[in-house]
Amino acid sequence: RPDSSSCCSRGVWQSVPLHLCQVCHFTPASDMYENRSGYDRGVNTFNPDGRLFQVEYAIKAIELGSLAVGIQTSAGVILAAEKRLTSSLLEQSSIEKVYEIDSHVGAAISGLTADARTLVDRLRIEAQNHTFVYAEPMKPESLMQSLSDIMISFGEGKDDDRKVKMGRPFGVSLLTGGIEGGKPVLYCIDPSGTYVKYKAHAIGN
C-alpha cells in the first residue's frame with residue numbers, strides 16, 4: 001500500500017500499471033549516483049561527477065605493479081625497472097620491463113605486461129614507418145601523441161572492423177625516454193591517454 005508521501009497516495013496508482021506505481025518507492029537519485037555499479041560497467045560512461053571508473057581501475061592496476069623509474073640527465077635518460085620474481089623457479093631473463101622502441105627511444109613499463117607489449121609493438125611500427133617515409137627519426141613527443149590516440153580508443157570499433165579496438169582501457173603506464181632536438185626528454189603516459197613531460201618520475205609500487 002502506498003504511503004502518504006508518495007504520488008500514489010494522490011490517486012495516480014489506480015490509473016497506471018503497478019510497475020509504474022512502484023517508482024514512487026525507489027531510492028532517491030542522489031543516493032543512486034553514489035553507487036558506482038551503474039557506471040563502471042560501460043567503458044565510455046561518465047558518472048555524474050565526471051569520472052570514468054574503468055580508467056580509474058586501470059590506474060589502480062598500475063599502482064599495484066612493479067616499480068619503474070625514469071631520470072633525465074644532461075647526457076641522456078636513465079630508465080630502470082624492478083623485476084619481481086614470484087617463484088624461485090622463474091627465469092629472470094624472461095621478464096621484460098624495459099624496451100627499445102627505436103635507436104633513440106626506450107620505455108620502461110608498469111602494469112599488465114601483455115598490454116605493454118601490444119603498445120610497444122605499435123610504437124615500433126609507428127617509428128619505423130616514420131623513418132621510412134620521412135628519412136628521419138620520429139620525435140619522442142610525436143610517438144606519445146600517437147600512443148595517446150591508441151590508448152583512448154578503447155571501446156571503439158565494430159565486429160567487422162579489421163582493426164578492432166580494445167574493449168577496456170590499457171592497464172599499463174609507460175615511462176618513455178629519448179633524444180629530441182639533440183636533448184634528452186622524459187615522458188610518462190597513463191591509461192587515460194594523458195602524457196606529461198618530466199625531469200624525473202616513478203610509476204608502480
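## Close-up views of a predicted model

**Arg117, a partly exposed residue of helix 4.** With a relative accessibility of 39%, Arg117 counts as partly exposed, because that class lies between buried, under 20% relative accessible area, and exposed, over 50% (1.4 Å probe, protein chains only). Arg117 sits in helix 4, which spans residues 113-134; helices (H or I, at least four residues) and strands (E, at least two) are DSSP runs, numbered from the N terminus. Apart from neighbours within four places in sequence, Arg117 is in contact with Ser94 and Tyr99, contact meaning heavy atoms within 4.5 Å. Between Arg117 and Tyr99 there are 8.9 Å from C-alpha to C-alpha, and they are 18 residues apart in sequence.

This is a predicted model, in which local features need pLDDT of at least 70 and side-chain atom pairs count only at pLDDT 80 or more, while totals for chains, interfaces and linings use all residues. Residues are numbered from 1 along each chain as its sequence is written, and side-chain values use heavy atoms, with hydrogens and water left out.

**The whole protein, for orientation.** The protein has five helices and eight strands, and from the N terminus on these elements run α-α-α-β-β-β-β-α-α-β-β-β-β. Of its 205 residues, 34% count as buried. The accessible surface comes to about 12700 Å², and 52% of that belongs to carbon and sulfur atoms; the areas come from the Shrake-Rupley method with a 1.4 Å probe, and for residues only the protein chains shown count as cover. Among contacts between residues at least 6 apart in sequence, 54% join residues at least 24 apart.

Strand 1 (residues 68-72) pairs with strand 8 in the antiparallel sense over four bridges. In this pairing, Ile71 stands opposite Ala200 in strand 8.

**The salt bridge between Arg168 and Asp115.** The closest N and O atoms of this pair are 2.9 Å apart. The two residues link distant parts of the chain: Arg168 is in the loop between helix 5 (140-151) and strand 5 (172-180), and Asp115 is in helix 4, 53 residues apart. Arg168 is partly exposed at 35% relative accessibility, whereas Asp115 is buried at 6%. The structure holds four salt bridges, each a side-chain nitrogen of Lys or Arg within 4 Å of a carboxyl oxygen of Asp or Glu. Side chains of opposite charge can pair when their charged atoms come close.

The side chains of Arg124 and Asp121 meet at 3.8 Å, N to O. Arg124 is partly exposed at 31%, and Asp121 is partly exposed at 40%. Arg84 is partly exposed at 35%, as is Glu82 at 34%.

**The aromatic pair of Tyr187 and Tyr195.** The count comes to one aromatic pair, where rings of Phe, Tyr and Trp (its six-membered ring) pair if their centres lie within 6.5 Å, and planes under 30 degrees apart count as stacked, over 60 as edge-to-face and the rest as tilted. The rings of Tyr187 and Tyr195 are edge-to-face, 6.1 Å centre to centre with 70° between the planes. Tyr187 is buried at 3% relative accessible area, whereas Tyr195 is partly exposed at 24%.

Note on methods: Pairing = 2+ DSSP bridges.
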